[in-house]
Structures are given as structure tokens and as C-alpha cells.
Amino acid sequence: MTALDTSPRLDDPDLAFESLVEAHRDLTPDQSRRLDARLVLLLANHIGSVTVLREAIAAAREAAWEAPEAGR
Amino acid sequence: MAAFEPPHYPFRPATDDGARHRVVVAGGGLVGLTAALDLARRGQPVVVLDDDDTVSTGSRAICFAKRTLEIYDRLGIGGAIRDKGTTWNTGRVYFGEREVYGFDLLPERGHRNPAFVNLQQYYVEHWLVEACLATGLVDLRWKHKVAGIVNGADGVRLAVETPAGNYSLTADWLLACDGARSLVRELLGLAFVGKVFRDRFLIADVVMHADFPAERRFWFEPPFHRGGSVLLHRQADDVWRIDFQLGWDADPEVEREPERVRARVRAMLGPAIPFELEWVSIYTFRCRRIEKFRHGRTIFLGDAAHQVSPFGARGGNGGVQDADNLGWKLDAVIRGEAPATLLDTYDIERIPATDENILNSTRSTDFITPKNEAARAYRDAVLELAARHDFARPLVNSGRLSRPAVLHNSPLSTPDEAPWADGAPLGAAAPDAPLDNGFLLDRTDPNGFTLLVFGEGAPGGVPGVKRVNVPVASVAAERYGAGTGNAVLLRPDQHVAARWRRCDPAAIGHARDRALGRVA
């Protein structure tokens, strides 16, 4: 794999989302952050390519909205 | 009780005001003495100016890497370092209460030298001084301090201060080895650019009789030092070096107080182990370098040229490799066997090596001192995962330990004519291997080029190049990726300059000329 695939690929998107949210139940913000970090590292290793990882980092940064409600 | 009593070398007033010398070394520390010894063993007279009259004090370089030991074997003091120092190949990393993993740096056998020998820098400097004196060619001038410099096109004029008055001398070549606070660098107005890490470290040398194994131990956030990391190394004479990470807000004056340091060490060792403090200091680490190392007839080596944080042991080891790279080149230029432009390849080869050291030590320091909460979360996540999953272990960075630089794309290397996929690449430091009941590197010419010839009946020699025959069915042949009739040319600093599947003497001669910068 040499390029980040951003086409819809998840077999069960609702379950994927639910699982991610559920994983953070009862965690403090610090614990959540560390869980996410472990998760990212596991998935990055599964992908196995720093090139793809860096494309994903760029895509994630680019997708951020300048939220008009920021600070609400 | 440390066994080492620092020697005090005699001050002698200068009697040669206005004299001209071939090579002057500013700074008689680890790197300056190594450079002086290297040149003297090639037959060059060297004057060394040092503002002090003794060896280094306290905790400086402690981990002498395999490549450095090979260089010191070539210079004749490798055995003393191995005999006195503590050999180690293994290490252990802890996070919180738990061991995360252990590692072995040199699983491969058949090298004279281990991955590392730990030894206090003052021992090595002391033996370098003795070895320099034994050559009869090194004029060691203690308490002679460089005070002024004119870096001229035809020579470097130096003003020197001594307790008996000032004098001047002129050097054909000045090697600036005067450390991180280099006065030569300052006098020439050269910018020393890089970054400072916003953290403070307490370095304590402790004398104790403990039966911990001789291995590197690194703790992230241990119970005995919450909120920081701790590094433990064993040295000679039952001296142990401990680095405590204190954080940016720590007050150096308070942290240096012996009672406070003792409390930290006691918390680490437990109440049962008696110890004595031998040395305490507080550091802030920096990674930086000057833009170019060669400035006409003044050439910078070691910390005067570049500075790194200590994680990875890349300061002293990097400096010794500078001296290794420059010595034979300067000798060849002085002898008229190579053009002065050969010295430009010192920059071409050592600046990428320096940048590699800076990159590695910067990344290690960033792992040990996370810059923000996200960085800390990733760091801790790596450590948590590493205890359970092999994949995360290579992500743990408590120091990427010094490895010799591969001089990729050096203009001194002759590109391969035939494909050569296996073994040490062009520009690599020659791998050691068992050979004839000894070791291959011991058979190389310490002052010249060496041709390794693999198998019987391979091509003949070239005048001035030492030929070493290597059997084909051997570890050595494997490490060079070589078969019958192949040949590998090693430079005087034991780096791979050229190799041939089939070669003729003309090709060998041409490759040697190229490595001397005579031809492109």
C-alpha cells in the first residue's frame, strides 16, 4: 500500500463509530488521550507505512474546520 | 574511593616565540589528544596547547562505542580501555513500576570489540597523553592558552598566554578541539546554531559496591523519581553514573546540594546500599553545530564544531570519528601526496555524520522530554504498548546508541562497477571479523591503504597498498558480501573506498588516487 485510501471502506460504519466512542466510556480526558494514542500507534503499525501515516496526518489536519462556534 | 588521582602535568615556558609549526592543536581534551596522537603516529610533529594542566574532571564521556574502540586499537590504547572499562552489550528499559523490555546491541559474534565499554573520560585522556609522549613527536604545552588568532591564507597566527608571559606562534594548520565553549570559534566569530532543550538533568557519579549487572538501565517515571527519567551506567572503579531528569523549573543551586542529591540516590538504591557522591553537576542539553568545520587552515573537531545531548553517546564518539576522518587526510596533504582540497572532504563527510548525530540525539531528547501533553501521551502510549507488543519496542527512544557514520556518496569512494547487494556498503567503516586466529581490523595498515583480497590466486598488489588475504568461506567474506577473486580497498581510516568483483592493479591505483582527492 503506497497511498492513503479515503474511499468508504468500513464494513459497518455505525458499529465502528459506536466502538470508538464506547472505548472512551468512564475515562478522564488524560486517559482518553492516551487510549487514542495507543490506538493510533496500533493502527499505524498495522498500516506499516510512514508514507501513508503522514498522508493520514495531513488529511486529518486539513479536515479541521475553523469552527465558528469555537469556545462555546 | 575512586582509584584515579588526576595527574598534574608540568608547565614549561615557551622558548620559541615567533616559531612556525606544522600542526597546532588547540585543546588537549579527548578529541584534541586523539587528533594529535593520530597525526604523530603518522610521523607528523604536533604542538598541543591546553589552558589547564590535567585531564578532564567529573562525568564527561563514559560510553566508548565499538567504532571508537577500533580507532583506539589502531592508535594503540584500545586494550587498556577494554581492560579497565566495563564492557556491556545489553540494556533494560523500565516504565513506572515495570520492566518494559531488554535489548542486546551486539548479538553478532566475531568482533574484537563489544558494542560499548564504559570508562571515565579522564582515564582515556591520561593514556592518550602517555601515548602522545611515547611518539616523541607531540609537544604538549600545559597552561598555554590561545588568546588571539589571525586565520591567514598562508598560516594561522596565534597569540598564546602562559603563567610565564605571552608569546606568539604560527601554525600551518590549526585544529580547534577546544570544546563546546571553543574560544577559537568565538575569536573567529562563527555562529553556533541549534536548539536548547527546556529541561535540566542532574548528573551524579556515585561510588558504591553493588552487584547490578553491567548493563544500561533507563527508567521512565520510576516510583523513586516520579515525573522524570533516570539513566544508570556502570563505570570503572565501582563508579556509577546516574542521570536524573529534573524538569525545566528545577533550581540548579538547590538541586546541586549534596544532601538533596544523596536523598535522590538513596530513594533509587534503597537504604541498604552505602554509597559516596564523587561528582555532581546540572546540565541543560543542546544540539547545535557551526555551518562549516573547515575554515581555511583552521579546522574544527569535536564539541568545538558540534554539540549533542548525551542520549546515544554521540558527543565523544562523534569527536573521535572526526579525528579519525581528518588525521590521514591532513597527513597526506602535508606530505604533498594529496591536494589541500582533500581537506574539504572532511566537511563533506563529517557534516552529514554530525547531522545524523544531531537528529538522533534530538529525537531521543524529545522522547525523554515531551514538548507538550500530546507528545507525552504518545510517549507513554509507546511505553505501555512496548511492555506487551514487540512492534512498539523500536518506537521506545531512550537514546539511539552511537553507530559509525556510513559516508554515503562520498566523492572519495569509487562507485561499484558491478552490483554489490550484500555486506558493508561503500563508505562504511570496515566490519571486523575473525581472521587467522586474530581479527581482520588488526591486519589493516594503520597508516595507509589496505586491500582485502578474497580467495586464492586473486590479483596481485599495488605498491603502497597493504594486501591482506581473506578466505572465501569465512565470516569476513560474508560481512563484505565478497566471493572468490573479489577485492575491497580500505582507506587509512578503515572506511570502504572501493570494491571489485574482478580487479586489476590499475583500477586499485586509480581508486586509491581518488580516495586521496588526486583525481575525480
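Which residues gather in a patch of negative charge on the surface? They are A:D11, A:D12, A:D14 and A:E18. Such a patch is made of residues with over 30% relative accessible area and no salt bridge, like charges being joined within 9 Å; a salt bridge is a side-chain nitrogen of Lys or Arg within 4 Å of a carboxyl oxygen of Asp or Glu.

This is a predicted model, in which local features need pLDDT of at least 70 and side-chain atom pairs count only at pLDDT 80 or more, while totals for chains use all residues. Residues are numbered from 1 along each chain as its sequence is written, chains are lettered from A, and side-chain values use heavy atoms.

One member of the patch, A:D14, lies in helix α1, which covers residues 13-23 of chain A. A:D14 counts as exposed because its relative accessibility is 64% (exposed means over 50% and buried under 20%, with a 1.4 Å probe).

Chain A has three helices and zero strands, where helices are DSSP runs (H or I) of at least four residues and strands (E) of at least two. In sequence order the pattern is α-α-α. The radius of gyration of chain A is 14 Å, well over the 11 Å that the globule rule gives for 72 residues, so the chain is more spread out than a compact globule. The radius is taken over C-alpha atoms, and the rule is 2.2 Å times the number of residues to the power 0.38.

Of the 72 residues of chain A, 10% count as buried.

Note on methods
Patches are made of residues with over 30% relative accessible area and no salt bridge: like charges are joined within 9 Å, nonpolar side chains (Val, Leu, Ile, Met, Phe, Trp, Tyr) within 5 Å. Accessible areas come from the Shrake-Rupley method with a 1.4 Å probe; for residues, only the protein chains shown count as cover. Lys and Arg count as positive and Asp and Glu as negative; His and the chain ends are not counted. The place of a charge is taken as NZ of Lys, CZ of Arg, CG of Asp or CD of Glu.
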